[in-house]
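The following exercises concern a single protein chain. Each gives a task and then a solution in steps.

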Amino acid sequence: MAYFKYKGIPFSTEFFSEETLSYVENDFQLLDDDIVNVTYPKSGTHWMAEILGLILSHGDPSWVQSTPLWERAPWIELGDHLQVALKNPSPRILNTHLPFQLFPKSFLHSKAKVVYTLRNPRDAMVSSYHFIKGFKELKDPGTVEEFMERFLSGEIDFGSWFDHVKGWVQMKERANIFFITYEELQQDLRGSVQKICHFLGKELNSQQIESVVENASFQKMKDNKMSSSSTTPENIFDHTKATLMRKGISGDWKNLLTVAQSERFDRVYWENMCGVNNMTFPWE
Ligand code: PPS
């Protein structure tokens with residue numbers, strides 16, 4: 001599997017192209033009523049896309065149960081998805097894993113709203129480690145040790161987790177960016193949905209909120225063929241080797257990393273994250 005670098009960030013040639021990345025960065029126009037779901041990979045992208053889709057539908061699950069997630073919320077950095085995004089009616093939900101420096105420049109003078117979801121990087125890494133095995137054309141993740149070193153050095157699609165988070169956190173004073181964690185969603189999904197509604201300026205009654213919470217549960221999403229990776233074509237993804245809706249828990253890294261690996265992860269984490277914009281995260 002080959003990689004190329006776009007402005008220093010690695011991307012798999014199988015899925016990404018310099019042309020699309022350049023278009024998205026420089027020419028893609030965000031609209032004022034766009035909602036952009038931004039994450040580092042494996043941090044809760046599908047979960048948040050489902051929540052946003054349900055909120056826009058006032059808790060009615062018909063849309064999320066009848067339309068594939070990538071069509072409801074296309075990833076703008078993928079060429080085919082970008083074409084869907086350009087055609088989708090407003091208000092659009094857009095997904096992206098792009099670091100801030102590659103995000104559409106049009107954001108700086110738009111009112112588009114960004115929801116940035118972070119997850120414990122140890123869990124994001126473990127989730128990736130398992131998921132990558134399903135992609136037929138992607139490089140095998142190798143041993144846990146090897147994959148962890150790639151993750152920690154940022155030699156992986158979308159680059160370093162640390163740089164991604166630090167780049168986006170710099171924007172935290174902007175009124176049109178909302179930060180939330182996967183762990184908060186897990187601890188209090190109802191309260192999180194209420195906060196997201198408030199940020200989006202969407203007023204849902206308690207019954208509608210309840211329906212969002214119910215339909216965004218791990219089990220409901222796993223059962224919803226439109227939201228799980230089962231819509232990814234067989235020629236790209238071997239569904240017998242991996243699944244998107246794998247465990248849906250926090251702390252699974254403890255089942256994979258040895259004590260020594262976890263200590264190495266911690267060292268690199270703190271070298272990179274000490275005092276980041278005075279923010280603390282649930283896993284710290
Ligand atoms: S991707 O491929 O980068 O877009 O993946 P992403 O959607 O960001 O992350 C996939 C992980 O999110 C978990 N997930 C959920 N957890 C809890 N509840 C719900 N509803 C939910 N939906 C998705 C999914 O199981 C992946 O995590 P792991 O740890 O692999 O199970």
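**Exercise 1. State what share of the residues of the chain counts as buried, and describe the chain as a whole.**

Solution. The model is a predicted one.

Step 1. A residue counts as buried when its relative accessible area is under 20%. Of the 284 residues of the chain, 56% count as buried.

Step 2. The secondary structure consists of 13 helices and 6 strands.

Step 3. Along the principal axes, the C-alpha atoms fill a box of roughly 50 × 45 × 40 Å.

Step 4. Consider the contacts between residues at least 6 apart in sequence: 70% of them join residues at least 24 apart.

Step 5. The accessible surface amounts to about 12,700 Å², and carbon and sulfur atoms account for 50% of it. The side chains include 30 positive and 37 negative ones, and the centres of these two sets are 2 Å apart.

**Exercise 2. Determine whether Arg122 is buried or exposed, and list what surrounds it.**

Solution. 

Step 1. Locate the residue: Arg122 belongs to helix 6, which spans residues 121-132.

Step 2. Apply the cut-off. The relative accessible area of Arg122 is 6%, so this residue is buried.

Step 3. List the neighbours. Beyond residues up to four places away in sequence, Arg122 touches Trp253, Phe265, Asp266, Tyr269 and Trp283.

Step 4. Look for a polar partner. The side chains of Arg122 and Asn120 form a polar contact at 2.9 Å.

**Exercise 3. Identify the buried residues of helix 7 and the elements that cover them.**

Solution. 

Step 1. Helix 7 covers residues 144-153, and its buried residues are Val144, Phe147, Met148, Arg150, Phe151 and Leu152.

Step 2. The cover over these buried residues includes strand 1 (3-6), helix 6, helix 8 (161-169) and helix 13 (259-273).

Step 3. After helix 7 comes Gly154, which has a positive phi near 80°.

**Exercise 4. Examine Phe158 and Ser160 in the loop that leads from helix 7 to helix 8.**

Solution. 

Step 1. Phe158 lies in this loop. Its relative accessibility is 4%, so Phe158 counts as buried.

Step 2. Ser160 is found in the loop between helix 7 and helix 8. With a relative accessible area of 12%, Ser160 is buried.

Step 3. Apart from residues up to four places away in sequence, Ser160 touches Tyr40 and Gly154. The side chain of Ser160 also reaches the backbone nitrogen of Phe162 at 3.1 Å.

**Exercise 5. Compare separation in sequence with distance in space for His58 and Asn205, and for Ser211 and Lys5.**

Solution. 

Step 1. His58 is in the loop between helix 2 and helix 3 (62-66). Its relative accessibility is 42%, so His58 counts as partly exposed.

Step 2. His58 and Asn205 are 147 residues apart in sequence, while their C-alpha atoms are 8.5 Å apart in space. Leaving out residues up to four places away in sequence, His58 touches Leu204 and Gln208.

Step 3. Ser211 is part of helix 11, residues 206-215. Ser211 has a relative accessible area of 16% and is therefore buried.

Step 4. Between Ser211 and Lys5 there are 206 residues of separation in sequence and 42 Å in space, C-alpha to C-alpha. Setting aside neighbours within four places in sequence, Ser211 is in contact with Gly59 and Pro61.

Definitions and conventions:
Residues are numbered from 1 along each chain as its sequence is written. Side-chain values use heavy atoms; hydrogens and water are left out. Helices (H or I, at least four residues) and strands (E, at least two) are DSSP runs, numbered from the N terminus. Buried means under 20% relative accessible area, exposed over 50%, partly exposed in between (1.4 Å probe, protein chains only). Contact means heavy atoms within 4.5 Å. Accessible areas come from the Shrake-Rupley method with a 1.4 Å probe; for residues, only the protein chains shown count as cover. Lys and Arg count as positive and Asp and Glu as negative; His and the chain ends are not counted. The place of a charge is taken as NZ of Lys, CZ of Arg, CG of Asp or CD of Glu. A polar contact is a pair of N or O atoms within 3.5 Å; within protein, one must be able to donate a hydrogen and the other to accept it, and residues adjacent in sequence count only if both atoms are side-chain atoms.
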